[in-house]
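Visitor: I have not looked at this one before. Can you walk me through it?
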Amino acid sequence: MADAPVFQSPITNPTPAKGSLTLTDESELTKVSVRGAHIAVSFGTCEQRGDVLVVGSRPDEWTLLGPADAVAAVVSGLDLSGFASTTDITHSRLMIRLTGDDAARAMEKACGIDLSDAMTPNGAAVGASVAKVTCDVVRDDVVSDGREAVRSYRFLADRSFGQYFWDALRDCTAEF
Amino acid sequence: MLLVPCPNCGPRSSQDLTYGGESHSRPDPKTATPEEWRTYLYLRDNPSGWLVETWYCSSGCRRWFKLERHTLTGELRDPILPGSKTGVASDEATNIQGGTK
Amino acid sequence: MSFVSIRLPSAGSEVIDRARPVTFSWNGKKLKAFTGDTIASAILANGDHIFGRSMKYHRPRGVLTADFWDPNLFVQVDDEPNVRAAHRLVENGMKVTSQNVWPSLKYDVKAANGLVGRFLTAGFYYKTFMKPAKLWPAYERILARFAPGGEVDLDTPHGYYDKRYAHPDVVVAGAGPAGLAAAIAAARAGASVMLVEHEHQVGGHLLWGSDDDRAAAAGMLTDARNLGVEILTNSTVTGRYEDNWLGILQRNHHIAEERLIKARAKMLIVAGGLIERPYVFAGNDIPGVMTSGAVRRLITMYGIKPGTRAVVLTANESGDAAVADLERAGVEIAEVVDGRTGAFVRSAEGSGRGTNHRLSAVTLSDGTKIDADLLVTAVGWTAPTSLLNMSGDRPVYDPAAARFFPGKTPDNVLATGGMVGDGTHDQLVAHGAATGTLAAGRAAVVQHRLQAATARAAAVDGPEPDYPEDLRTPLGRDPHPALFRSTTHGMVDYSEDVSSKDLFGAAAEGFDSVELIKRFTTATMGPSQGKLETVNTVAVLAEARGETIAEVGTTVWRPPYAPITLGALGGRVFEPVRVSSIQSYHESKGATPILAGQWIRPEHYDDPQAEVTNTRTNVGITDVTPLGKLDLKGPDVPKLLSLLYTNKWMQLPIGGVRYGIMCAEDGVVLDDGVTARLGDEHYLMTTTSSGAGGVWNWIENWLQTEHPDWQVHVTPVTTGFTSINVAGPNSRKLMGRVVAGVDLSNEAFPYMNVRTGTVAGVDDCVMWRIGFTGELSYEIQVPAGYGLHVWEALLADGKDLGIAPFGLEAQRVMRLEKGHFIVGQDTDGLSKAPTTGMTGLLKLDKDDWTGMPEVKWALEGDYPHIVAIQPTDPNCVPEEACQILRGPESNEIVGRITSSRYSPTLNRSICLGQLSPEFAEAGTELTVLLVNGERVTAKVMKHHAHFDPEGERLRG
Amino acid sequence: MANAKYSAAGLFIRGARKKTWPRVWREAEPKKAYDVVIVGGGVHGLATAYYLASNHGITNVAVVDKAYLGSGGSGRNTAIVRSNYLTPEGVAFYDRSLDLYNTMSTDLNLNVMFSERGHMTLAHTDSALRTMNWRAEVNKLQGIDSSVIGPQEVKREAPSLDVSANTRYPILGALYHPPGGTIRHDAVVWAYARAADSYGVDLIQKCEVLDITCEGGEGSESDSADGKGAGGKVTGVKTNLGDISAPIVVNCTAGWASTISDMAGVKLPITTHPLQAAVTEPVKTFLPTVVVSGSLHVYVSQTDRGELVFGASVDPVATYDMRGTLAFTEELAGHVLELMPGISKMRLLRQWAGLCDMTPDYSPVMGHTQVGGYLVDVGWGTYGFKAGPVSGEQMAEAIATESMPELIAPFTLSRFTEGTLVGEKGAAAVGH
C-alpha cells in the first residue's frame with residue numbers, strides 16, 4: 001500500500017502574485033453544491049454562516065464553502081425536505097482568492113462584469129467569464145477591526161484549468 | 001456587443017451567453033409526418049423584423065430564456081437601457097423579464 | 001528653389017522641451033530634435049520637407065495637414081510600418097525611413113509613372129492586361145511591387161499588449177474645449193467619466209490658439225483632474241458598437257505597448273471637433289501646399305517656420321489666424337486670397353528635383369501668378385462623424401455652412417463642439433457643459449435600471465430619477481462659402497492618388513453613385529479612412545452629375561475610427577488549457593503531448609505499439625480524465641436518459657452500467673457514452689471528451705424548456721474525478737491489491753457493473769467494469785485531489801505484474817482492434833444512428849427520444865454502414881480518409897476508410913470504414929485508393945471487432 | 001458586344017485623345033413586362049442574366065436591385081475562389097465555377113484580376129488533418145489539384161506562418177490547392193453587368209421588389225386568397241418603380257432571400273447571419289497564398305495593393321444588421337497572430353459585414369420551387385461568390401430548359417423535406 005493520500009491542488013506551481021495583490025490557493029476547501037434546499041440566501045449574494053460561506057450561485061442552487069475535509073459538517077443542518085440534493089464538488093472546482101485594494105482593477109483585465117460597489121457590492125456572487133474560463137466569482141472583502149475593508153474575490157472554476165487560471169490571474173496583477 | 005437582458009443576472013454582454021436561435025415548437029415525434037418533422041428541423045421564419053428567440057445564460061445563471069429582438073434594428077422589447085433603441089410596439093410585447101421557463 | 005525649414009525662437013506656446021534633445025536617424029542620417037517633437041516636426045526642423053512618394057504616380061509628398069490624418073507622412077519606424085509621422089513622437093535612437101520609394105527618396109525610378117499618368121486613369125487595370133491571359137501573373141507581380149506602405153519584419157516579437165474592461169457612466173471622445181467642459185460637468189453631476197483624447201495633449205484647437213486659449217485649456221484640465229475624470233491622452237475611441245460598447249485604444253500605457261479598453265458606457269459624448277478639408281486644384285499635392293491647421297500647429301506647437309513666402313487662401317477664421325501666425329513666424333505673405341469674396345486659387349506649380357522638389361508658384365483665379373514656396377488653404381471643415389455613423393446616424397449636408405452635420409443619434413449618444421455647430425469659446429464650453437450635465441442625468445437613470453434589474457447589485461435608493469430630455473440650446477452655424485474644387489483638376493485622395501479628373505471619368509462611365517465610384521476608383525479607401533477625402537469625393541461627384549451634395553449623399557464611415565494594431569486587438573492572449581491531476585507524471589515521463597480541444601493529453605510515453613502489447617499481455621493504465629462526466633440526481637433521471645438515448649433506461653438496476661447513443665433531432669449521432677446507476681436516484685453519466693460541454697447545455701435545454709416538471713439535478717463533475725482505466729489480463733489482480741471494500745470477483749462484480757469503494761486509501765472512488773480497449777478492465781473515478789496518488793499507487797503495486805502506462809494512441813489502436821467507433825471520426829455530420837450498426841439499441845417502441853422519427857425513417861431506407869475492413873496485404877495501412885471505389889477501374893466513391901492502424905496484436909492492418917449498403921456485406925472485396933494513388937484490395941469483415949469478437953476477454 | 005472594347009491600345013488612344021470611356025452599362029427604366037425578372041443585382045443575378053442572353057438567346061430580361069449593383073455579398077466578400085470541396089457534387093460544381101473564372105477576363109473583356117496564387121487550409125489537430133485528407137482524396141478522384149502537405153511545405157508556401165511545434169495551435173499540415181486564389185470581386189460584378197447590358201438586358205438599380213404576384217396557389221400564411229404558395233404560378237413583381245409582369249421570377253438575393261421568398265409563399269431552410277471581414281493598411285507584399293485555418297476561424301490573403309484581407313466564420317446570432325463588432329476584430333487579430341506572430345504592428349484599417357443565408361447542410365438551394373415560374377438561387381452561406389459564374393450558367397439553363405441541370409440537381413429545395421441533405425457541413429466550419 002502506498003502512503004496515505006494527501007490532497008493535491010490543481011495549482012501545481014502557485015507563484016506569488018506580483019506587486020501589492022495577494023493570490024491564495026484555496027482549492028482544498030470544502031465545496032458543496034446544494035439544490036432545492038430551503039436556504040434564505042438569494043441568488044447573486046453570499047452570506048457567512050459560522051465557518052461556512054453560503055453562496056447563492058444560481059436560482060435555486062447554492063454553493064457552500066467550508067473548511068477542508070468537512071463535507072458532512074458543511075451540509076449538516078440543511079433543510080433538504082422535498083426534492084433537494086447535495087453534491088460534493090470539492091474536487092471538481094479550483095478556488096483562488098484575489099485580495100488587495102486594486103483587486104477590482106486587476107480583475108477588469110480579464111472579466112467583463114461591472115465590479116463597481118453599486119453593481120457588485122461586497123457579498124455579491126456572480127457567474128462570469130474570467131480569462132475565458134467560466135467561473136463563479138464571490139466578492140468577500142476582508143474586514144478587520146479598525147481598518148478599511150480590503151477587496152477580495154474568490155473564483156471557483158473547473159479544476160482542470162488550475163495552473164492556467166492561476167497564471168492568468170497572476171498576469172493581471174502585474175501592473176499593481 | 002449586444003446587451004442581453006438575462007431575467008436572472010440582469011443585462012449581460014452577448015458573449016457571455018449562448019444563442020439558441022429561433023424559438024419553435026416540437027411536433028409529437030410519435031405522429032409527426034416527415035414533412036412536419038422536417039419543417040421543425042429545417043424551415044425557419046427568419047423574419048427581417050421581430051423574432052422570438054432563445055438564449056442560454058451559459059456563464060451566468062445557466063437558464064434558457066426567450067427574448068424578442070428585431071433582427072434588422074437590434075431593438076429589444078422592453079430594454080433596460082434607454083439608449084438601446086426602444087421597441088416600436090413594446091406595449092404588445094411580453095415582458096422579457098418573465099420570459100423564462 | 002531650395003527651402004530649409006527653420007526652428008523658430010522658443011515660445012511659451014510650444015509643446016517641445018528644448019532642454020531635452022533627442023537623436024534619431026532619418027533615411028540613414030543622424031538628426032537632432034527635441035522631446036515633444038513629432039517625427040514630422042523633427043524632420044522639418046532639420047530642413048527636409050519630403051517624406052515619401054505617392055502610391056500610383058510616385059509624386060513627392062510633404063506635409064499637408066500635419067496631424068494624425070496627414071495622408072503624406074507615412075514612415076517606417078524600426079520594424080513598424082505606416083507610422084503617422086505628424087502624430088508619433090520622436091524618440092532617442094528611432095530609425096525612421098521613408099516608404100514608397102525605390103530605390104531612394106531622392107531618386108525614385110517609379111516616378112516615371114507620373115509621366116504616363118494620363119493613360120493610367122482610375123481603374124485602368126480593369127481594361128488591360130487581359131491578353132494573353134498567361135501573362136497576367138507577370139503583370140500582377142509588377143503591380144504588387146507598387147504596393148504602398150512600409151515593410152513588415154516577420155521576426156517582430158509579439159509584444160506585451162494589455163486589455164481592460166470598463167463601465168464608465170460617461171465617455172467623452174475628444175478633449176477640446178467642448179469635450180473638456182462636458183467631462184467636467186458630467187463629473188460635477190456625479191458621473192464617473194472617461195475623457196479620451198486622440199492627441200498627446202488635451203485642448204484641441206486651443207493648443208494652437210492664443211495664450212488665453214491655452215490658459216483656458218490648462219484650467220479645465222486641472223478641474224477635470226481634481227474631479228477624478230480618467231483622462232486618456234494619445235488614445236482613441238476606435239468604435240462604437242451595439243449598446244454603447246466602445247473600443248478605446250490607449251497608446252501610452254506604462255506597462256504595455258498598447259492597451260485596448262472595452263467600455264460599456266452608459267453615455268457616449270462625441271466631441272471630435274472638425275477636420276480641415278484640403279482644396280482640389282492642379283498642383284494641390286506639391287510639397288509646400290498645406291492646410292491652415294498644419295501651419296498653425298507647426299508654428300505654435302513645434303516652433304517650425306513652414307516656408308519663406310506664402311500665399312494664403314482663406315475662407316474662414318482659421319485661415320485669417322494662419323496669416324497672423326505666419327507673419328509672427330517671419331514668413332513673408334505674398335498674397336491673401338479671400339475665398340469669401342469669390343476669389344480662389346487656380347493652380348500651383350513646383351520646381352526642383354528629388355528631395356528639393358517644392359512649390360514655386362501659385363496661379364490665382366484672376367490669372368495672376370505669384371512666386372511662393374508655401375500655399376496655405378483654409379476652405380472649410382469636415383465633421384468626423386464616424387462614431388455617430390456607427391450609432392446609426394446619417395449626416396446631413398448644410399449648403400449654407402458648406403459642411404455635413406450630424407443627424408439623429410440614439411439617446412445614449414450625444415454630440416457637442418465644432419461637430420454640431422460654431423460659436424465663441426464661451427458658447428462651445430457652455431454647450432459642452434450642458435451636454436455633460438445631460439449625459440450624467442441620463443446615466444443616472446440607466447444606473448438605476450441596471451441595479452434594479454441585476455440580482456447581485458446593491459439595492460437602489462428611492463424611485464427612478466426622471467429621464468432628462470435634451471433641452472440644450474443648439475450651437476449656431478456660421479455661413480461658409482462652398483469651396484471644394486477649383487477650375488482645375490487636382491488630388492482628391494492623396495494616399496490613393498485619385499484626382500478629380502479620375503472621378504469625373506468614373507462618373508461618366510456609369511460608376512456614378514458614391515459607393516460605386518469609391519469601389520471603382522478606390523477613393524477614400526486608403527489609410528486616412530476618408531476623413532480628408534470623403535466630402536471632397538462627394539462634392540466632385542455632385543459636380544460631375546450636376547446634382548447637389550445633399551442629393552449625392554455621403555458614405556458611412558465604418559469602424560475603426562483610426563487604424564488599430566493587430567497586437568492591441570489581439571491583446572493579452574487568454575487561451576485556456578486543461579490538464580488532469582496526473583499531468584505532472586505525464587510530463588515527468590516525457591510523454592508526447594497531444595492537444596484535444598482545450599485538453600493536453602499524453603499521446604504516448606514511448607512506443608505506442610509496445611504499450612498496446614503490454615496492456616494486452618500484462619496490465620496497463622491510462623488517464624482518461626477528459627471524458628465528460630455529469631452527476632445526475634433525482635427521481636426522473638430514467639426519464640431523462642430515455643429521452644436522450646436511443647435505448648431503454650427505466651429498468652437499470654443499482655450497480656448497473658449501460659451504454660447509450662445520443663442523437664440530435666435530425667437523427668445524426670451526437671454523442672455516446674456509458675451511464676451508471678450509483679444509487680436509488682443517483683446516476684453518473686459519461687460523454688465523449690469533446691461533447692461534455694455541449695451535452696450539458698443540451699440536457700439543461702430539454703429539462704428547462706420541454707420538461708420543467710421533471711425532477712433532475714445535473715452537476716458537471718468532469719474533473720471532479722480523475723479517470724484511470726486499468727486494462728489487461730492482470731488488471732483484476734492489480735485491483736485486488738489496491739481496492740478495499742469491494743468484491744472484485746467476476747460473479748460479484750461482472751462486466752458492465754459499477755461499484756463504489758476505496759482505492760489506495762482514497763474513499764468514494766467509483767469503479768466500473770467497461771472496456772473501450774476490449775480487455776478485462778476497470779475504469780476508476782478517483783476524487784481528483786487524490787488522482788495522482790492513486791495513479792502512483794497503481795504503478796507501484798503493479799510493478800511485478802508488468803504494469804506500464806499507455807497513452808491516447810495505444811488506446812486508439814486497442815479500441816480499433818475492438819471495433820468501437822468514435823463519434824465524429826467514424827461518423828460524420830450526416831451519420832444517423834443506424835450507420836453505427838447498433839440497430840439493436842434503436843428502440844422505436846419508446847414514446848420519445850431525440851431524433852427518433854428520423855432514425856425510424858432512416859431504418860426504412862438505405863444508409864451508409866460502419867464496417868470493419870482488413871486490407872489483403874496485412875502490411876498495408878491505408879491512410880484514414882482513403883476513398884473506397886466501386887471497382888478496380890472505377891472512380892466512383894462507395895465509401896471511405898474512417899480509422900486505420902497497424903495492430904500489434906493481430907500483426908496486420910485493421911480499419912473501420914463507412915460503406916454504401918451494397919458493399920457492406922461481410923466478405924465483400926473492396927478497392928481502396930491509397931493517398932499515393934495505388935489501388936489495393938480489402939475485405940469487409942463479419943464483426944466490427946477485429947479482435948476477440950465474442951468479448952471473452954472483457955467479460956472474463 | 002456593342003461596348004467599346006477594353007484593351008491597352010484603347011487606353012492609350014483614349015489617353016492620347018483625352019477621351020473618356022462610354023458608360024459601362026445603360027441606365028435602364030423598367031418596362032411593363034419581361035420574360036424573366038431577376039431579383040438581386042449581384043454576381044448571381046447578373047451572371048444568370050448574362051448566360052440567359054449569351055447561351056440561350058433570352059434577352060428580354062430585367063435585373064432589379066434595391067441598391068446599386070454589387071451592393072450585397074458580391075461587394076463584401078473576401079474574393080477567394082477554390083474548388084476543393086468535400087463532396088463530389090460540391091467539387092464538380094465549384095470546379096466548373098473556377099473554369100469560368102479562369103477565362104472570365106477574356107470572355108467578358110474586363111480584367112477581373114484572377115490571381116491563381118494557391119489556397120492552403122491549415123490543420124491544427126489530427127481530426128482536422130483527417131478531414132483534409134478526405135477532401136484531398138475526393139478532389140483527386142475528380143481531377144482537382146489538391147493534396148495534403150506537411151509543415152515544412154506550408155512554411156515554404158507562406159514563410160510568415162509559424163510552423164514550430166510548441167505553439168498553442170501547431171500547424172500539423174495543410175490542404176494545399178494550387179488553383180485556388182483571389183479575384184477582384186467588384187470587377188466580376190461589373191464584367192457581368194457590362195456583358196449582360198450589351199445583350200440588351202435591363203439593369204435597374206434602386207428598384208426594390210415589394211411583392212411577387214402569383215395566381216392559383218394555395219395561399220400564403222397571411223392570406224389564402226392571394227394565389228401564392230404551392231401549386232400556383234408567378235405573374236410578376238411589384239416594385240417601388242411600378243409593377244412588372246413576368247412569367248418567371250428568379251430570387252438571386254442573399255441576406256433577404258427569406259423575405260423575398262415569403263412574397264411567393266415559399267418558405268426556406270435559411271437563417272440569416274452576418275459574416276464579418278476586415279482589411280489592414282497596406283504593407284509590402286509578404287503573403288503569397290491564401291491561408292485558411294478552420295480551428296482558428298480565420299482566413300487571410302494579401303491583395304496586390306498590400307492589404308491583408310481577413311474573414312472569419314459567421315456570427316452565431318441571426319440578424320439582418322450589417323454592423324461589425326469589436327469582438328470579431330479581437331478574435332481575428334488574436335488568431336492571426338497565433339499563425340503569424342510577426343505582424344502585430346500592422347494596423348486594421350476597416351471592418352465590415354455582409355449577410356449570409358445559412359442552410360442546415362451548408363449547401364445552396366437552387367432551381368424550381370413548388371410555385372411555377374418562381375426559381376431560387378439562394379442559401380449560399382459563405383460560398384456565394386465562389387459559385388457566381390456556375391450558378392448563373394446553370395440557373396440560366398434551368399430557366400431555359402425548364403428542367404434541373406445535373407450539376408445543380410443535388411441542391412433542390414425538396415431535399416429538405418425528403419431528408420437528402422448534402423454532406424458539405426463536415427468541412428465547412430470555416431470553409432474559405
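Visitor: Which side chain does C:Glu854 meet in a salt bridge?
Guide: This is a predicted model. In it, C:Glu854 forms a salt bridge with B:Arg38, at 2.8 Å from N to O.

Visitor: How many salt bridges are there across the interface of chain C and chain B?
Guide: The rule finds 3. There are also 14 residue pairs in polar contact between the two chains, both residues at pLDDT 80 or more.

Visitor: Which helices of chain C supply residues to that side?

Guide: Helices H9 (425-453), H18 (692-706) and H22 (852-860) of chain C each give at least two residues to the side touching chain B. H18(C) has the largest share, with 8 residues. By class, that side of chain C holds 15 nonpolar, 7 polar and 16 charged residues.

Visitor: What area do chain C and chain B bury between them?
Guide: About 3100 Å², with 52% of it on carbon and sulfur atoms. In chain C, the residues losing the most area to chain B are C:Asp243, C:Gln704 and C:Trp857, together 19% of what that side buries.

Visitor: New topic. How many aromatic pairs are there over all chains?
Guide: A search of the whole structure gives 37. In one pair, D:Tyr50 and D:Tyr199, the ring centres are 6.1 Å apart and the planes are at 55 degrees, so the pair is tilted. D:Tyr50 lies in helix H2 of chain D and D:Tyr199 in the loop between helix H7 and strand E8, 149 residues apart.

Visitor: Is D:Tyr50 buried or exposed?
Guide: D:Tyr50 counts as buried, because its relative accessibility is 9%. D:Tyr199, at 35%, counts as partly exposed.

Conventions: Residues numbered from 1 in each chain as written. Chains lettered and ligands numbered in written order. Predicted model: local features only at pLDDT ≥ 70, side-chain atom pairs only at ≥ 80, totals over all residues. Heavy atoms only, no water. Buried area = accessible area lost by both parts, 1.4 Å probe. Salt bridge = Lys/Arg side-chain N within 4 Å of Asp/Glu carboxyl O. Polar contact = N/O pair within 3.5 Å; in protein donor to acceptor, adjacent residues only side chain to side chain. Helix = DSSP H or I, 4+ residues; strand = E, 2+ residues; numbered from the N terminus. Nonpolar A, V, L, I, M, F, W, Y, C, P; charged D, E, K, R; others polar. Phe/Tyr/Trp six-rings, centres within 6.5 Å; stacked < 30°, edge-to-face > 60°. Buried < 20%, exposed > 50% of the residue type's maximum accessible area, 1.4 Å probe, protein only.
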